[in-house]
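Thank you all for coming. Please have the sequence and the model open side by side, and follow along as I go through a few of its parts.

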Amino acid sequence: MRLLYNSVLCVAASVLLLIACSSKPNTTTPETTIAAPAAPPLDTKSLLAYNPRNADPRIDAAIQALHKTRGFNGNVLVAKHGKIVYEKALGWADYLHRDSLKINSQFELASVTKTMTSTAILQLIERGKIKLTDDVKKFFPDFPYDGVTIKLLLTHRSGMMNYVYFTDGIYKKEHRDEHKGISNADEMALIAKYKPNRFNKPDVRFLYNNSNFMVLGSIIEKVTGMPYAQYMKENVFIPAGMTHTAVYSKATYNKIPVDVVGHDRGQWRYSVAQNFLDGPVGDKGIYSTVGDLYLYDRALRAGRLLKKASMDSAYVPRNPWLHGHFNYGYGWRIFEAPGQQVIYHTGWWHGFRHIYLRDMKNDIVVVLLTNLSNGSLLKLDDVFKAVGMPIVRKSAYKGNGDTSDD
């Protein structure tokens, strides 16, 4: 009987112990048990849907006039409130071979690349990998300049020289092979070796040049341990649904695998062959389409790439105002007027010239990518009016905000 009594007591004690254990609070941190909900995927098929029969007639008239009277040669996309209202490919992809542009033709984005490098840097800041106050020497001890921080690079206030002209001079003086592209690591080693004079001390003034974002691209590679191309694909292009976007460097590719050729000096006979300067990336080097740039805008707005606070910080003016309307944040150009803000960037490199605009108040995206550098993108007033957004042209405004003749 006593044996039965003791057995019952043991069973009861075991049950009570199990109940007590199950009622204890969960001390495991939420991060290890529940993944943060991912932002919903973009419905890229719906976003990219477009019927040419529904093209906005005013925008079409303005673009056709730009093509016929100003020689615009390139691809165009205009979207309003998440819907494409105009899309067109006009002209040649490669004049020598008489290849026509297609709407999914990939263009070298030139400095529009900087917006995506900025996004990558802000991602790494969010993840605790780097800080805005980090000095370049933290990552590259042989870097010859003191006091250059990530923030100064993002805002073009580093005071650095332009590596494009510096490197071109070295290659010509030393008769180096100009066909093989150099990598970011090669470029950083050149700067460390030759220690070219900078333009001014850090944080003295805004001085736009490619060196800032080439160095940021190099920092991305150093911190992540992966090529810039791989990081951008996995952390920007894929999350944004940008299936026609890639990084192509001459340091990796003997021939860049795209069909669109840049034509310089406004003339078809000046097709531009890629050379060693098409190697460094971060300041340039991303190839994309008008559609993918639209998806990039939607991914940013949907929080798929950055937290809202990080994205907003990129749009804060970080320099003195030009004409009372124009500024630069973290990798983005800024136009502001009462009740209006347009976040945008331009690009110009080896026969490619572009403008990518995002009207934040009216939710309008305008993408114009060209491969004939002829000044046609300086004549967009009628396009802006047809779209229904501010005229984003520096010489169109006085300091008090009034428009004036060029």
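Let me begin with a question: which residues of strand 12 lie on one side, which lie on the other, and are they buried or exposed? Before I answer, please keep in mind that this is a predicted model. On one side of strand 12 we find Ile364, Val366, Leu368 and Thr370, on the other Val365, Val367 and Leu369, and all of them are buried, so that both faces are covered. Strand 12 runs over residues 364–370, and seven of its seven residues are buried.

Let us now look at the partners of strand 12. Strand 1, residues 74–80, runs antiparallel to strand 12 and is joined to it by seven bridges, and within this pairing lysine 80 stands opposite isoleucine 364. Strand 11 is also antiparallel to strand 12, with seven bridges joining the two, and here leucine 357 stands opposite valine 366. Strand 11 and strand 12 form a hairpin with four residues between them, and in that turn aspartate 363 has a positive phi of about 50°. As background for those new to sheets, strands pair through backbone hydrogen bonds, and they may do so in a parallel or an antiparallel way.

There is another sheet to look at, an open one, in which three strands stand in the order 5-7-6 with antiparallel pairing. Strand 5 (107–108) and strand 6 (246–247) are at the edges, and because each has a single partner strand, one side of each is left without a neighbour in the sheet. Strand 5 pairs with strand 7, residues 286–288, over two bridges in the antiparallel sense, and phenylalanine 107 of this pairing stands opposite serine 288 in strand 7.

From strands we turn to a helix. Helix 5, which covers residues 113–126, has 14 residues and reaches 20 Å from its first C-alpha to its last, close to the 20 Å expected at 1.5 Å a residue. Just after helix 5 comes glycine 128, which takes a positive phi of about 75°.

For contrast, please find alanine 49, in the loop between helix 3 (44–47) and helix 4 (57–70). Alanine 49 is partly exposed, with a relative accessible area of 44%. Although alanine 49 and glycine 291 are 242 residues apart in sequence, they are 10.0 Å apart in space, C-alpha to C-alpha.

Finally, the pockets. The largest pocket has a volume of about 850 Å³, and of the 35 residues that line it, Arg333, Thr346, Gly347, Trp348 and Arg353 lie nearest its centre. Helix 7 (163–173), strand 10 (340–349), strand 11 (352–359) and helix 13 (381–387) each supply at least two residues of this lining, and the largest share, five residues, comes from strand 10. Sorted by class, the lining of the largest pocket has 15 nonpolar, 10 polar and 10 charged residues. The second largest pocket holds about 320 Å³ of space, and among its 20 lining residues Lys255, Val261, Val272, Ala273 and Gln274 are the closest to its centre.

Note on methods. Residues numbered from 1 in each chain as written. Predicted model: local features only at pLDDT ≥ 70, side-chain atom pairs only at ≥ 80, totals over all residues. Heavy atoms only, no water. 1 Å grid on protein atoms, 1.4 Å probe; cavity = no way out; pocket = protein on both sides within 12 Å on 5 of 7 lines; lining within 4 Å. Points joined across faces, edges and corners; volume = space filled by probe spheres on them. Nonpolar A, V, L, I, M, F, W, Y, C, P; charged D, E, K, R; others polar. Buried < 20%, exposed > 50% of the residue type's maximum accessible area, 1.4 Å probe, protein only. Pairing = 2+ DSSP bridges. Expected span 1.5 Å × (residues − 1).
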